[in-house]
Amino acid sequence: MSEETNSPQRGFKGGFRQSMSWLHTWAGLVLSVVLYFMFVTGSVGYFNSEVDRWMRPELAGSGGGAVTQQQMAERALARLQATAPDAKEWSIGLPSGRKNPNLSIYVQPLPGADGKEAEGREELLDPATGQALAQVRKTGGGSALYSMHWALHYMPYEVAMYIVGIATMFMLVSIVTGVVVHKKIFADFFTFRPAKGQRSWLDAHNVASVMALPFFLMITYSGLVFYTYEYMPSVRAALYGVGEDAGKRFDHEADGERYAEPEAAGVKAPLASLTPMLRQTELLWGVDSVEYISVQKPGGANARVRIERRQVERISRSSDALVFNGATGERIALPDERTFAAKTFSNVMLALHEGHFAAPVLRWLYFASGLLGAAMIATGMVLWTAKRRQRLGKNGVADSGLRFVERLNVGTIVGLPIGVAAYFWANRLIPAAFEGRDNWEMHALFITWALCFVHASLRPAPRAWVEQLALAALLYALLPQLNALTTDIHLGRTLPAGDWVLAGFDLTMLALALCFAWALRKAMSKRRRAQQPQAVCLPTPRRGGERLA
Amino acid sequence: MSWLASFSLALLAMLTLSVAMERHHRQVRGVPPAPRTRLLLRATGGLLMPASLWQATHAFGIGAGLVVWCAMLCAAGVVVTWLLPYRPRAAPLLALLGMPGAASGLIDLMGLLTRSPAV
């Protein structure tokens, strides 16, 4: 962002860059709360399985061990046959890599009498016995945080989709206009001048934005690609018409028959054994390479078994799969997946966005880039107020708009992390058997966040910053301690055992606490300086960086 | 090791390119760079940039390599930008720390050049 030259005589003479600056400022501000929320929860999403595991401490010791994928699949199938003999679709998730660490089954029941889709049911199984892990606490885990970054919460999916889409579009506009209005993108590439008020915020905003610019462009643009057809329905409607049939015809042409559902046969037939099918996939793909098995129309003569390969580490979203006749166990030859440029492009975009291909180091960088995005939005929000404060001068009186945004900033920038911390705290504090505990974990997040807004609106802004930063630092610093008090997967055990997933969670919480503590120190010293006006005139201690002036 | 090499190369590239700028050279050495130093730093940074891209794509494949390269440049850029105002004197030390990793990456690439003649 440039220094705005909004003096009246410049007014509209600023031309292109000036109007882009206006657009950048307001497009960024208006939906900043939603965007900040999306970046924070989306960043957590890069570690959704890891957070899942931390949030289900009962699972810690139930790894597959020596059980083969065939054995697990048969055990899971037995459980499905025993508990849900009539269903529209069964699926079995086999433990394979970080994305899918547990053995799980999922039942999609037959539609109700009114033809409406019924809600599915998921269950985690013990790989050794095939029985449900009943004692595992119900929790949304990291995956619930992750899905909030596109589905939000407390609202219908369609509404969330459009809010998220509009916010993403605003983000894209902000990024592009931001590049236009940044006058010295190369001269200021490495420039950060600390302790200079508005100047420092602008530097921080510029650096955060420019360094990860490729990431921001990719993540924002690809975010829109996810819902291309929903956001631009008329393109498809023009060629295929509207309605459910049109949608089906379109999917059929785009994917060939690969995902077509079998017709209900009306004739019952037992399901063939999965083991020979899995042997075939093993020959093709190698051992432990199956991620997912689905059975469509189980129990009928037309049942279809689809075995999906674990996504190998490449940047594409398409996956390999073999399809079998469920009654006979014979492989059904399907036409090759159709590829065309547009589909390949969208596959690559979605894969880049999701980052499933990313090995641990790159995954951390994805996470860091996401947090840098949150920092970009946060610094932009603070900059908006800092600029207006500066313009007011020492004795100016802030108008209600400025005061509102100042409070909104505290409640958003610090309040949301406090809410997320509350989510983790609730996971450990709500009894494992408590009815509806997974919902209450979510409520804990949003109630806490709402309280942060209330708190921010009741306190003077500088004070609200200090108090909320202190609370955030405290909550994150104490989380590993709480974990040690309530579970046996604390650092004292996970570190010696070299369990870096669980230890990594606790250590990350401590690192976050340090970040908040550092920010707290800054906010406190700033508040002290503001209270002693004469101190502002004192020269800052000489350090290397100060010499550049 | 490839990760370390990627990061080291990106770090050295960012460090040399930043110190080639007058403002940042002043931060590190207290004086603007002599014209020859400036040229040398720019040339080094300008060579390290494509070298780091080459190393990343060689080690991780074209697709993932490009992603890794962008991510490493971002990480290195943030480190350098933090270093310059707060610990400018440590810049040479940081460069020194980056040398072994960068060297291993470059040696890999050299090996590639000598081993496989152009087909």
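Trainee: Which residues have the most contacts inside the largest nonpolar core?

Mentor: This is a predicted model, where local features need pLDDT of at least 70, side-chain atom pairs count only at pLDDT 80 or more, and totals for chains, interfaces and linings use all residues. Residues are numbered from 1 along each chain as written, chains are lettered from A, and side-chain values use heavy atoms without hydrogens or water. A nonpolar core joins buried (under 20% relative accessible area, 1.4 Å probe, protein chains only) Ala, Val, Leu, Ile, Met, Phe, Trp, Tyr and Cys residues through side-chain atoms within 4.5 Å. The largest one has 109 residues, and those with the most contacts inside it are Leu362(A), Tyr366(A) and Phe424(A).

Trainee: Which helix gives the largest share of this core?

Mentor: Helices here are DSSP runs (H or I, at least four residues), and strands are E runs of at least two, numbered from the N terminus. With 13 residues, the largest share comes from chain B, in helix H4 (residues 62-86).

Trainee: Which residues of chain B does Leu362(A) touch?

Mentor: Contact means heavy atoms within 4.5 Å. Not counting residues up to four places away in sequence, Leu362(A) touches Phe357(A) and, in chain B, Trp3(B), Val67(B), Val68(B) and Ala71(B).

Trainee: Why is strand S6 of chain A largely enclosed by the rest of the structure?

Mentor: Strands pair if DSSP finds at least two bridges between them. S6(A) pairs in the antiparallel sense with S5 (residues 304-309) of chain A over five bridges, and with S7(A) (residues 331-332) over two. S6(A) (residues 321-325) is largely enclosed because four of its five residues are buried.

Note on methods
Buried < 20%, exposed > 50% of the residue type's maximum accessible area, 1.4 Å probe, protein only.
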